[in-house]
Amino acid sequence: MPKRPALVRQADVTRLLKAARAAGYPNPRVEIEPGGTLVLVAENPAPLPAPVIPDDEAPNPWDEAV
């Protein structure tokens, strides 16, 4: 009796996890349902770092050059 093709491949799971990590989810998890559906389970993404706002009082070296 011939084998049937796999419903889910390891490459599919790896691709999904890499995409979730690139999107900022720190610890994603994949659940595979019996029909072959992949479900991504992830917590809220890590917060983005705060933007650096320069001080208005700091001297600007370009002010003297111009």
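Colleague: Why is R15 called exposed?
Modeller: R15 has a relative accessible area of 54%. The term exposed requires over 50%, while buried means under 20% and partly exposed lies in between, for a 1.4 Å probe and protein chains only. R15 is therefore exposed, since 54% passes that limit.

Colleague: On what kind of model do these values rest?
Modeller: This is a predicted model, in which local features need pLDDT of at least 70 and side-chain atom pairs count only at pLDDT 80 or more, whereas totals for chains, interfaces and linings use all residues. Residues are numbered from 1 along each chain as its sequence is written, and side-chain values use heavy atoms, with hydrogens and water left out.

Colleague: What makes up the secondary structure of the protein?
Modeller: There are 2 helices and 2 strands, in the order α-β-β-α from the N terminus. Helices are DSSP runs of H or I with at least four residues, and strands are runs of E with at least two, numbered from the N terminus.

Colleague: What makes the pair D12 and R15 a salt bridge?
Modeller: The term asks for a side-chain nitrogen of Lys or Arg within 4 Å of a carboxyl oxygen of Asp or Glu. The N to O distance between D12 and R15 is 3.3 Å, so the pair meets the rule. Both residues lie in helix α1 (residues 10-22), 3 residues apart, about one turn of the helix. D12, at 27% relative accessibility, counts as partly exposed.

Colleague: How many salt bridges are there by this rule, and which residues join E31 in one?
Modeller: The count is 2. E31 meets R29 at 3.0 Å, N to O. R29 is partly exposed at 46% relative accessible area, and E31 is partly exposed at 37%.

Colleague: How do you know that β1 and β2 pair?
Modeller: Pairing requires that DSSP find at least two bridges between two strands. Strand β1 (residues 29-32) and strand β2 (residues 38-41) are joined by 4 bridges and run antiparallel, so they pair. The strands form a hairpin with 5 residues between them, and G36 in the turn has a positive phi of about 100 degrees.

Colleague: How do you know that the span of α1 is close to the expected one?
Modeller: The expected span is 1.5 Å times one less than the number of residues. Helix α1 has 13 residues and reaches 18 Å from its first C-alpha to its last, close to the 18 Å expected. Just after α1, G24 takes a positive phi of about 105 degrees.

Colleague: Which residues of α1 are buried, and why are they said to line one face?
Modeller: The buried residues of α1 are V13, L17 and A20. Seen down the axis of α1, they fall within an arc of 60 degrees, so they line one face of the helix. The arc is taken from the directions between the helix axis and the C-beta atoms. The cover over these residues includes β1 and β2, while the face turned away carries the exposed residues R15, K18 and A22.

Colleague: How much of the whole protein is buried?
Modeller: Buried residues make up 8% of the 66 residues.

Notes: Contact means heavy atoms within 4.5 Å.
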